[in-house]
Amino acid sequence: YNLWLLGGPDGGLRYDHLVHGYGFCCATLACGRALHVAGGGHLRASAGVCLGLALMGCGLGALNEVVEFAATKIVARTNVGGYENTGWDLVSNLVGASLAGLWLGLRGRIG
């Protein structure tokens, strides 16, 4: 969780950043798959759909941060981090969700 892969406490890339980015990239792709199936396989990878999917991934990332916040209120030592950690988590979630939306758009299909 706290392992610095590049740089250090003054700036860089932590393992946690990669986990959040990857996780919400996958969550965005899962949203796309779910909508594709629900739409009978007719969902097109338009710019609007890809943006909407990225926003869905960001929404799930924000929900994750609310759960982490609740955990800090219920359990004394969660190792979740504070305000700055939440900010970097949200940035990582945005990057992952955006990369998924971009990939789907460039790929030209959702399913």
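## Around helix 1

Just after helix 1, Gly40 adopts a positive phi of about 70°. Helices here are DSSP runs of H or I with at least four residues, strands are runs of E with at least two, and both are numbered from the N terminus. Before going further, please note that this is a predicted model, in which local features need pLDDT of at least 70, side-chain atom pairs count only at pLDDT 80 or more, and totals for chains, interfaces and linings use all residues. Residues are numbered from 1 along each chain as its sequence is written, and side-chain values use heavy atoms, with hydrogens and water left out.

Helix 1 itself has 24 residues and spans 34 Å from its first C-alpha to its last, close to the 34 Å expected at 1.5 Å a residue (the expected span is 1.5 Å times one less than the number of residues). Its buried residues include Asp16, His20, Phe24, Thr28 and His36. Buried means under 20% relative accessible area, exposed over 50%, and partly exposed in between, using a 1.4 Å probe and protein chains only.

His17 sits in helix 1 and has a relative accessible area of 9%, so His17 counts as buried. Contact here means heavy atoms within 4.5 Å. Setting aside neighbours within four places in sequence, His17 touches Gly12, Trp88 and Ser92.

Glu65 belongs to helix 2, residues 47–74. With a relative accessible area of 7%, Glu65 is buried too. Again leaving aside neighbours within four places in sequence, Glu65 is in contact with His20, Thr86, Asp89, Leu90 and Asn93.

## The largest pocket

The largest pocket holds about 200 Å³ of space. Of its 13 lining residues, Leu13, His17, Gly21, Ser92 and Val95 are the closest to its centre. A pocket is an open set of points on a 1 Å grid over the protein atoms alone where a 1.4 Å probe fits, with protein on both sides within 12 Å along at least five of seven lines; lining residues have an atom within 4 Å of a point.

Strand 2 (11–14), helix 1 (15–38) and helix 3 (83–107) each supply at least two lining residues, and helix 3 gives the most, with six.

## Cysteines

How many disulfides does a search of the whole structure find? The count is zero, a disulfide being a pair of cysteine sulfur atoms within 2.5 Å. For Cys25, the nearest cysteine sulfur belongs to Cys26, 5.5 Å away. The sulfur of Cys50 is 12 Å from the closest cysteine sulfur, in Cys25, which is too far for a bond. Cys50 is also buried, at 6% relative accessible area.

Technical notes:
Grid points are joined across faces, edges and corners, and a volume is the space filled by probe spheres set on the points.
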